[in-house]
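The entries follow in the order in which I looked things up.

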Amino acid sequence: MLMRLPQAAPKKPAADDTVVISKIGDLKPADKSGRKRPVGDDTVIIRLPGSPPKKDAPRKKPVGDDTVIIRLPGTAKPKTGGDPNRKRPGTDDTVIIRLPQTPKKPKVAGRATVERGSVGEDTVVIRIPAEPKPEPKPTGPLDLGYAPWVLAISSLGVVLVALAYGGGRHESTWAMTAYWIGQIIVFTPVVFRLLSRLAGVAESFLLVMGLAANQYMLKWMYSPDQFRFPDELQHWMATTLITESGDLFRPNQALPPAVHFPGLAEMGASVSQLTGLSVTAAGTIVAGVAHLIFVGILFAAVLRGSNSPAMAGVACVTYATAMHYLFFNSMFLYQTAALPFFMLAVWAHRRWRTGGGRKFIAIALVGIAMTTVSHHVTAFALVATLGLLALTEVFLEKPRPWATLGLPFIAGAIVAAWIGFVATDVIAYLEAPVDSLRASLNQMFGGGEDAEATVTPPVPLVQLAVQGAGLLGLLILFLAVARDMLLRKDRDAWRWAALVGGGVFFAGNGARFLGSGGPEIAGRLSTFTYVPMSIIAAIAIVYAVQLIPPKDENGRRWLSAPPPGLSVTTGRRLAGQVYLGTALITVLMIGARTGGWPPVSALLPGPYLPAAYERSVDEFGVDAAFWQAATLPHGTRVGGDITAVALSSTYGRMDPVREVGALFYASQWTAEEDDLAAGVGLSYLVVDDRLGDDLPSNDAYFQNDPMAGRITEPIPDSQLTKFDRVSTISRLYDNGHVRIYQIGAS
């Protein structure tokens, strides 16, 4: 087979199994031998290791035994003179392809060989075996490659985790081991295949989406019959209200701000009414579809920016190691519904700025509007993201593209208008998490009183080691890409925006080590900041950015110019990168499972635990909540521990009172407790006697717990039973563990 580039001078055809890469351009007059020689400035040359130098140039040491330099048109010729053994850095239009080091051996049938001079003096002939061995490479844009087999292996991990969940419910000793083995089997084969760079677009997309589906199965199997997390119960209530009334903006005592962000509830109610499914089943479907759409748009956005399926796939699997990816980002929460529209707006902005036309502005506006009416925090993050993209573009490109500032300005105006005129209560609602974040930052930087008021137990050493190793690996990749971009004088605005976003990720991630509440704060921030960090990590891994650069001719290492172009590794070096990259991303996944949600103590479902969110919801609490809905007037003020309040305000349809911790901690019921109950308008109190069996899993039994972080022993039985000895309190319900009291009964 003979392949010549355009305008190549006619030459003698090569053998059928030969590929000839010859030079292009205008030809000089014939030399003494009668051959025409091409002009050097528009010549493509493959300089092979150990190639004989030209007669009129001093001998130079080759780049390396495993290096081939392809000098693109316009490459300046090496200067003559000087130290013949000194390596000179390539120019900006030189591409280095690193090949596996192979000793010189006789030709062997079935192997490709490289010859020089067989067609022309400066022509490289690459001979390909007549019957090449089959390679696991896609043959077309729709070739699925090995994705079905890899996902089949991944699904075995899903089965193993399901068995671990079953074992956890029965407190089996082997369950935790099976859980971790299953998690690795679900995740690691997909990562390994994507890092091998053999998967095409279709295969990479299928691998990414299949992994997202398998991981969503892990979340669903944790509680397949009902929602148990308090936030999911709150949105279950909002969806149920819309289903029953057919109207939006129905008051929801469980989560008042959700009334003005009805995107998720409206979708869940629509699916429920159209299919006849229960709200729980419809919500599970809506959350799963939204999760998959978000991952798909993330893949499309990175693919559009990099034109590399490996880059898009690695970015997606790296993002799958975010602390809250597995649970929070795929729960039936309004953030889950907003994330696909968030990513849609970013993707449409990219298409618009790369010449896609004004229709993508319209798509971006749809994404902005839907994000705004779905979740407040995601809307704020979208405005910040579009602003960052616009500012980096204005700063780096000339002439200044001022038009790019229009979209973040419009997004900010839409969000401000919605909050200012519709969701006016969201500002007061966000004060509590902002205060919590401020207290955490005070604690991080040695702030005095707030840090001393709450004493949280230290994070286990093993957990810190795993999380620290993953973060250290990400930091090394981040610094390597930053150095490479600075020394190359990279002018790509989107890569710089990703780099800035990665820096914000590290700035906010310090909250992870602030005790038991730290991972939640860092996880919520990383939902957005981990997107650019995942892109930076994918750049470093896929494009083999030098982590430790070699010294240049002046003995400088960290200021030495990076090799021009993109390095494409093969052979042992590629294998090493695949193994190291797979190990790093797997460690990140393990760190996310140990530091994210659920906490380590509740990774497996099981018997009741106090204040353990999903682990605290069982038939006793649910039955008590349904009794309230059937017996008590709806909207009545009811207090209790974290789980009791969540169930009473959703299944029970009561108005929750969260400031009741002091009533439980009091040794006796006195006039002070009467005043506190009257001050918060408390009518009923839910008491679970199992609060006296164990310490709270989350360092607090109650929301706004006055003893948060300072609880050293379970609540004594005397404090839990004192309500039976008060004449103004009457017990109305008792199912063996959960009791309901009426406050102020005569």
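Predicted model: local features only at pLDDT ≥ 70, side-chain atom pairs only at ≥ 80, totals over all residues.

Entry 1, helix packing. I looked up helix H8 (residues 334–356) and helix H10 (residues 376–396), and they pack at an angle of about 15 degrees with their axes 9 Å apart. Axes here are lines fitted to C-alpha atoms, for helices over the stretch in contact, and angles run from 0 to 180 degrees between N-to-C directions. Helices (H or I, at least four residues) and strands (E, at least two) are DSSP runs, numbered from the N terminus. H8 and H10 are therefore roughly parallel to each other, a label for angles under 35 degrees.

I noted that the contact (heavy atoms within 4.5 Å) involves residues of H8 including Tyr-334, Phe-342, His-349 and Arg-353, and residues of H10 including His-376, Thr-385, Leu-389 and Glu-393. The residues of this contact divide into 10 nonpolar, 5 polar and 2 charged, where Ala, Val, Leu, Ile, Met, Phe, Trp, Tyr, Cys and Pro count as nonpolar, Asp, Glu, Lys and Arg as charged, and the others, Gly among them, as polar.

Residues are numbered from 1 along each chain as its sequence is written, and side-chain values use heavy atoms, with hydrogens and water left out.

I found that the structure holds 13 salt bridges, each a side-chain nitrogen of Lys or Arg within 4 Å of a carboxyl oxygen of Asp or Glu. In one of them Lys-219 pairs with Glu-232, the closest N and O atoms being 3.0 Å apart. This pair links distant parts of the chain, with Lys-219 in helix H3 (residues 201–222) and Glu-232 in helix H4 (residues 230–245), 13 residues apart. Both Lys-219 and Glu-232 are buried (under 20% relative accessible area, with exposed over 50% and partly exposed in between, using a 1.4 Å probe and protein chains only).

I looked up Arg-495 and Asp-492, whose side chains meet in a salt bridge (3.9 Å, N to O); Arg-495 counts as partly exposed at 32% relative accessibility, and Asp-492 is partly exposed at 24%. I then turned to Arg-637 and Asp-655, which meet in a salt bridge at 3.4 Å, N to O. Arg-637 lies in strand E7 (residues 637–639) and Asp-655 in strand E8 (residues 655–657), so the pair ties together parts that are 18 residues apart in sequence.

Technical notes: Parallel < 35°, antiparallel > 145°, perpendicular 65-115°, else oblique.
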